[in-house]
Amino acid sequence: MKKYIIAAALIIGTGAVITTTIHSCSTLASTDLGVSIIKKLLLNGIDKGMGIYSNKEAFLQNNMVDKALPKQLRDINSTLEKIAPSLVAKERDYIAQAAAYTVNTSRPILEGAVSSLTSQDVKRIVDGTTATQILKEKTSQQLVAAIAPKVDEKLNEYGIVKTINTALSGNNLLGNLLGGSNNNVNAGGLSKLASEQLVNGLFNIIEDYEHQNSKALLGPLGK
(Lines give C-alpha, C1' and ligand atoms only; values in the text may rest on other atoms or scores of the structure.)
Protein backbone atom coordinates (compact mmCIF):
# COMPACT_ATOMS: atom_id res chain seq x y z
CA MET A 1 0.00 0.00 0.00
CA LYS A 2 1.28 3.46 -0.82
CA LYS A 3 1.49 5.95 2.01
CA TYR A 4 1.29 9.67 1.44
CA ILE A 5 1.74 12.88 3.36
CA ILE A 6 0.50 16.38 2.81
CA ALA A 7 2.68 19.00 4.44
CA ALA A 8 2.98 22.77 4.50
CA ALA A 9 0.56 25.19 2.90
CA LEU A 10 -1.52 24.05 -0.08
CA ILE A 11 -3.43 26.31 -2.41
CA ILE A 12 -6.84 24.81 -3.12
CA GLY A 13 -9.55 26.01 -5.48
CA THR A 14 -9.68 29.81 -5.65
CA GLY A 15 -6.32 30.31 -4.00
CA ALA A 16 -7.25 30.05 -0.33
CA VAL A 17 -4.32 28.79 1.70
CA ILE A 18 -4.92 25.79 3.90
CA THR A 19 -2.25 24.73 6.37
CA THR A 20 -2.19 21.04 7.14
CA THR A 21 -0.44 18.65 9.40
CA ILE A 22 1.04 15.33 8.33
CA HIS A 23 -1.62 12.70 7.67
CA SER A 24 -1.41 8.95 7.29
CA CYS A 25 -2.82 7.46 4.11
CA SER A 26 -5.97 6.28 5.87
CA THR A 27 -6.58 9.67 7.47
CA LEU A 28 -6.03 11.46 4.17
CA ALA A 29 -8.61 9.30 2.42
CA SER A 30 -11.27 10.17 4.96
CA THR A 31 -10.81 13.95 4.98
CA ASP A 32 -12.47 16.65 2.93
CA LEU A 33 -8.96 17.97 2.31
CA GLY A 34 -7.88 14.73 0.65
CA VAL A 35 -10.92 14.78 -1.64
CA SER A 36 -10.34 18.46 -2.46
CA ILE A 37 -6.73 17.83 -3.42
CA ILE A 38 -7.61 15.00 -5.80
CA LYS A 39 -10.42 17.03 -7.33
CA LYS A 40 -8.11 19.98 -7.92
CA LEU A 41 -5.49 17.72 -9.48
CA LEU A 42 -8.02 16.21 -11.89
CA LEU A 43 -9.60 19.55 -12.77
CA ASN A 44 -6.18 20.93 -13.66
CA GLY A 45 -5.54 17.88 -15.84
CA ILE A 46 -8.91 18.34 -17.53
CA ASP A 47 -8.08 21.99 -18.18
CA LYS A 48 -4.81 20.95 -19.81
CA GLY A 49 -6.59 18.40 -22.00
CA MET A 50 -9.28 20.87 -23.04
CA GLY A 51 -6.60 23.41 -23.90
CA ILE A 52 -4.84 20.93 -26.18
CA TYR A 53 -8.10 19.84 -27.81
CA SER A 54 -9.12 23.45 -28.41
CA ASN A 55 -5.87 24.12 -30.29
CA LYS A 56 -5.53 22.20 -33.56
CA GLU A 57 -1.75 22.47 -33.75
CA ALA A 58 -1.31 21.39 -30.13
CA PHE A 59 -3.64 18.46 -30.76
CA LEU A 60 -1.80 17.30 -33.88
CA GLN A 61 1.57 17.49 -32.15
CA ASN A 62 0.54 15.63 -29.01
CA ASN A 63 1.93 12.09 -28.95
CA MET A 64 -0.52 10.99 -26.26
CA VAL A 65 -3.34 11.52 -28.74
CA ASP A 66 -1.45 9.45 -31.31
CA LYS A 67 -0.98 6.66 -28.77
CA ALA A 68 -4.76 6.50 -28.36
CA LEU A 69 -5.31 5.70 -32.05
CA PRO A 70 -7.47 2.53 -32.22
CA LYS A 71 -5.94 -0.41 -34.07
CA GLN A 72 -8.62 -0.42 -36.76
CA LEU A 73 -8.06 3.25 -37.54
CA ARG A 74 -4.32 2.68 -37.50
CA ASP A 75 -4.80 -0.13 -40.05
CA ILE A 76 -6.86 2.17 -42.27
CA ASN A 77 -4.17 4.83 -42.13
CA SER A 78 -1.44 2.29 -42.88
CA THR A 79 -3.34 1.26 -46.00
CA LEU A 80 -3.94 4.86 -47.04
CA GLU A 81 -0.26 5.67 -46.59
CA LYS A 82 0.46 3.22 -49.42
CA ILE A 83 -2.04 4.64 -51.89
CA ALA A 84 -2.89 8.21 -50.81
CA PRO A 85 -0.48 9.52 -48.16
CA SER A 86 -1.86 13.06 -48.24
CA LEU A 87 -5.27 11.73 -47.24
CA VAL A 88 -3.95 10.55 -43.87
CA ALA A 89 -2.86 14.11 -43.08
CA LYS A 90 -6.29 15.38 -44.08
CA GLU A 91 -8.01 12.79 -41.91
CA ARG A 92 -5.89 13.78 -38.90
CA ASP A 93 -6.61 17.45 -39.57
CA TYR A 94 -10.37 16.85 -39.67
CA ILE A 95 -10.26 14.77 -36.49
CA ALA A 96 -8.35 17.61 -34.84
CA GLN A 97 -11.11 20.01 -35.84
CA ALA A 98 -13.69 17.56 -34.53
CA ALA A 99 -11.76 17.44 -31.23
CA ALA A 100 -12.22 21.19 -30.75
CA TYR A 101 -15.92 20.78 -31.58
CA THR A 102 -16.37 18.27 -28.72
CA VAL A 103 -14.75 20.27 -25.91
CA ASN A 104 -17.98 21.86 -24.67
CA THR A 105 -19.60 18.42 -24.56
CA SER A 106 -16.77 16.62 -22.79
CA ARG A 107 -15.90 19.21 -20.16
CA PRO A 108 -19.18 19.19 -18.16
CA ILE A 109 -19.25 15.37 -18.13
CA LEU A 110 -15.72 15.21 -16.74
CA GLU A 111 -16.18 18.03 -14.27
CA GLY A 112 -19.43 16.50 -13.04
CA ALA A 113 -17.66 13.21 -12.38
CA VAL A 114 -14.89 15.02 -10.49
CA SER A 115 -17.49 16.76 -8.34
CA SER A 116 -18.96 13.39 -7.41
CA LEU A 117 -15.67 11.92 -6.14
CA THR A 118 -15.89 10.57 -2.61
CA SER A 119 -13.52 9.67 0.21
CA GLN A 120 -13.88 6.05 -0.93
CA ASP A 121 -12.52 7.04 -4.34
CA VAL A 122 -9.61 8.83 -2.68
CA LYS A 123 -8.93 5.73 -0.59
CA ARG A 124 -8.59 3.72 -3.82
CA ILE A 125 -6.15 6.32 -5.11
CA VAL A 126 -4.10 6.12 -1.93
CA ASP A 127 -4.07 2.33 -2.33
CA GLY A 128 -2.56 2.63 -5.79
CA THR A 129 -5.29 3.32 -8.38
CA THR A 130 -4.67 6.48 -10.37
CA ALA A 131 -7.20 9.27 -10.08
CA THR A 132 -7.44 9.28 -13.87
CA GLN A 133 -8.40 5.59 -13.90
CA ILE A 134 -11.29 6.29 -11.55
CA LEU A 135 -12.39 9.22 -13.71
CA LYS A 136 -12.17 6.98 -16.77
CA GLU A 137 -14.31 4.30 -15.13
CA LYS A 138 -16.97 6.88 -14.34
CA THR A 139 -17.10 8.64 -17.71
CA SER A 140 -15.49 6.76 -20.61
CA GLN A 141 -18.57 5.17 -22.15
CA GLN A 142 -20.66 8.27 -21.54
CA LEU A 143 -18.08 10.45 -23.25
CA VAL A 144 -17.85 8.26 -26.36
CA ALA A 145 -21.65 8.20 -26.66
CA ALA A 146 -21.90 11.96 -26.15
CA ILE A 147 -19.25 13.09 -28.62
CA ALA A 148 -19.77 10.49 -31.38
CA PRO A 149 -22.66 12.44 -33.02
CA LYS A 150 -20.55 15.61 -33.05
CA VAL A 151 -17.54 13.80 -34.49
CA ASP A 152 -19.78 12.20 -37.11
CA GLU A 153 -21.21 15.61 -37.97
CA LYS A 154 -17.77 17.13 -38.48
CA LEU A 155 -16.36 14.24 -40.51
CA ASN A 156 -19.42 14.26 -42.77
CA GLU A 157 -19.18 18.04 -43.08
CA TYR A 158 -15.68 17.67 -44.47
CA GLY A 159 -16.59 14.65 -46.60
CA ILE A 160 -13.64 12.65 -45.32
CA VAL A 161 -15.48 9.30 -45.33
CA LYS A 162 -16.45 9.67 -48.99
CA THR A 163 -12.90 10.71 -49.84
CA ILE A 164 -11.43 7.70 -48.06
CA ASN A 165 -13.83 5.35 -49.82
CA THR A 166 -12.89 6.86 -53.18
CA ALA A 167 -9.20 6.32 -52.40
CA LEU A 168 -9.82 2.75 -51.30
CA SER A 169 -12.01 1.86 -54.26
CA GLY A 170 -10.92 -1.51 -55.61
CA ASN A 171 -8.53 -2.09 -52.71
CA ASN A 172 -8.96 -5.45 -51.00
CA LEU A 173 -6.76 -4.89 -47.95
CA LEU A 174 -9.45 -3.60 -45.60
CA GLY A 175 -12.42 -5.77 -46.39
CA ASN A 176 -15.30 -4.95 -44.07
CA LEU A 177 -13.07 -3.54 -41.35
CA LEU A 178 -15.52 -0.91 -40.17
CA GLY A 179 -18.75 -2.68 -40.97
CA GLY A 180 -19.02 -1.47 -44.53
CA SER A 181 -19.41 -3.58 -47.62
CA ASN A 182 -17.54 -3.77 -50.88
CA ASN A 183 -14.50 -2.38 -49.07
CA ASN A 184 -16.31 0.81 -48.13
CA VAL A 185 -15.53 2.46 -44.81
CA ASN A 186 -18.73 2.78 -42.80
CA ALA A 187 -19.26 6.42 -41.74
CA GLY A 188 -20.58 5.56 -38.30
CA GLY A 189 -17.70 3.15 -37.74
CA LEU A 190 -15.07 5.75 -38.58
CA SER A 191 -16.74 8.31 -36.34
CA LYS A 192 -16.89 5.87 -33.45
CA LEU A 193 -13.21 5.00 -33.80
CA ALA A 194 -12.31 8.69 -33.96
CA SER A 195 -14.45 9.30 -30.87
CA GLU A 196 -12.67 6.52 -29.00
CA GLN A 197 -9.33 8.06 -29.96
CA LEU A 198 -10.43 11.46 -28.68
CA VAL A 199 -11.67 10.08 -25.36
CA ASN A 200 -8.68 7.84 -24.71
CA GLY A 201 -6.26 10.53 -25.82
CA LEU A 202 -7.86 12.93 -23.37
CA PHE A 203 -7.42 10.45 -20.53
CA ASN A 204 -3.79 9.95 -21.57
CA ILE A 205 -3.21 13.69 -21.21
CA ILE A 206 -4.97 13.86 -17.85
CA GLU A 207 -3.04 10.87 -16.52
CA ASP A 208 0.25 12.35 -17.71
CA TYR A 209 -0.60 15.56 -15.86
CA GLU A 210 -1.45 13.52 -12.76
CA HIS A 211 1.87 11.66 -12.87
CA GLN A 212 3.86 14.85 -13.34
CA ASN A 213 2.11 16.88 -10.65
CA SER A 214 0.80 14.56 -7.95
CA LYS A 215 4.09 14.49 -6.06
CA ALA A 216 3.83 18.22 -5.50
CA LEU A 217 0.83 17.49 -3.30
CA LEU A 218 1.27 13.85 -2.35
CA GLY A 219 4.77 12.80 -1.34
CA PRO A 220 5.25 9.01 -1.47
CA LEU A 221 6.98 7.57 1.58
CA GLY A 222 6.96 3.92 0.51
CA LYS A 223 4.76 0.94 -0.27
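Tutor: Let's begin with the surface: the protein exposes about 10,800 Å², and 50% of that comes from carbon and sulfur atoms. Keep in mind that this is a predicted model. Of its 223 residues, 45% count as buried. The protein has ten helices and four strands, and along the sequence they come in the order β-β-β-α-α-α-α-α-α-α-α-α-α-β. If you take the contacts between residues at least 6 apart in sequence, 75% of them join residues at least 24 apart.

Now for your close look, at the second largest pocket. It holds about 160 Å³ of space. Its lining is made up of 13 residues, and D66, L69, N77, R92 and Q197 are the ones that lie nearest the centre. Sorted by class, that lining has six nonpolar, four charged and three polar residues. Where do they come from? Helices α3 (56-60), α4 (63-67), α5 (71-83) and α6 (85-115) each supply at least two residues of the lining. Among the contributors, α6 gives the most, with four residues.

Next, have a look at helix α9, which covers residues 160-168. Its buried residues are I160, V161, I164, N165 and L168. They cover an arc of only 135 degrees around the axis, so they sit on the same side of α9. Here's a handy bit of background: an α-helix has 3.6 residues a turn, so residues three or four places apart point the same way. Turn to the other side of α9 and you'll find K162 and T166, which are exposed.

One last stop is a loop. T31 sits in the loop between α1 (25-29) and α2 (32-54). Is T31 buried or exposed? T31 counts as buried, because its relative accessibility is 19% and the cut-off for buried is under 20%.

Terms used. Residues numbered from 1 in each chain as written. Predicted model: local features only at pLDDT ≥ 70, side-chain atom pairs only at ≥ 80, totals over all residues. Heavy atoms only, no water. 1 Å grid on protein atoms, 1.4 Å probe; cavity = no way out; pocket = protein on both sides within 12 Å on 5 of 7 lines; lining within 4 Å. Points joined across faces, edges and corners; volume = space filled by probe spheres on them. Nonpolar A, V, L, I, M, F, W, Y, C, P; charged D, E, K, R; others polar. Buried < 20%, exposed > 50% of the residue type's maximum accessible area, 1.4 Å probe, protein only. Contact = heavy atoms within 4.5 Å. Areas by Shrake-Rupley, 256 points an atom, 1.4 Å probe, with all protein chains shown as cover. Arc of directions from axis to C-beta.
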